[in-house]
Amino acid sequence: MPRTIINLPDDDKVWLDGQARAEQVPMTELVRQAVREYRARYDARGPGRLQELLGRTSGCWTHGDGLVYQDAARDEWERRG
């Protein structure tokens, strides 16, 4: 595993050291966990995620032509506005 040097503000370093003591893990493990969690959230927002969701929901509308429904809803909004 490659080593990485980072600079942290003093208050973040103090907090990180305290958190590591409280969880009884090395400070470096907390940093690795934080990077993994950040990466998982970032990857979940990526374009592949959108395609996956579109694929899973494709065809779930079963009430006729969706475009007809959409146009009727918009017409209703215009009449109210």
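## Pockets and an aromatic pair

In this predicted model, the second largest pocket is lined by Leu8, Asp12, Trp15, Leu16, Gln19, Glu23, Leu30, Val31, Gln33, Ala34 and Glu37. Two elements, helix H1 (10-23) and helix H2, each give two or more residues to the lining of this second largest pocket. Sorted by class, the lining of the second largest pocket has six nonpolar, two polar and three charged residues.

The largest pocket has a lining of 13 residues, and Arg3, Thr4, Ile5, Thr28 and Val31 are the ones that lie nearest its centre. Helix H2, which covers residues 27-44, gives the most to the lining of the largest pocket, contributing five residues.

| Pocket | Volume | Lining by class |
|---|---|---|
| Largest pocket | About 550 Å³ | eight nonpolar, two polar and three charged residues |
| Second largest pocket | About 150 Å³ | six nonpolar, two polar and three charged residues |

The ring centres of tryptophan 61 and tyrosine 69 are 5.0 Å apart and the ring planes stand at 50°, so the pair counts as tilted. The two residues can also be described by their accessibility. Tryptophan 61 has a relative accessible area of 40% and is therefore partly exposed, whereas tyrosine 69, with a relative accessible area of 52%, is exposed, because exposed means over 50%.

Technical notes. Residues numbered from 1 in each chain as written. Predicted model: local features only at pLDDT ≥ 70, side-chain atom pairs only at ≥ 80, totals over all residues. Heavy atoms only, no water. 1 Å grid on protein atoms, 1.4 Å probe; cavity = no way out; pocket = protein on both sides within 12 Å on 5 of 7 lines; lining within 4 Å. Points joined across faces, edges and corners; volume = space filled by probe spheres on them. Helix = DSSP H or I, 4+ residues; strand = E, 2+ residues; numbered from the N terminus. Nonpolar A, V, L, I, M, F, W, Y, C, P; charged D, E, K, R; others polar. Phe/Tyr/Trp six-rings, centres within 6.5 Å; stacked < 30°, edge-to-face > 60°. Buried < 20%, exposed > 50% of the residue type's maximum accessible area, 1.4 Å probe, protein only.
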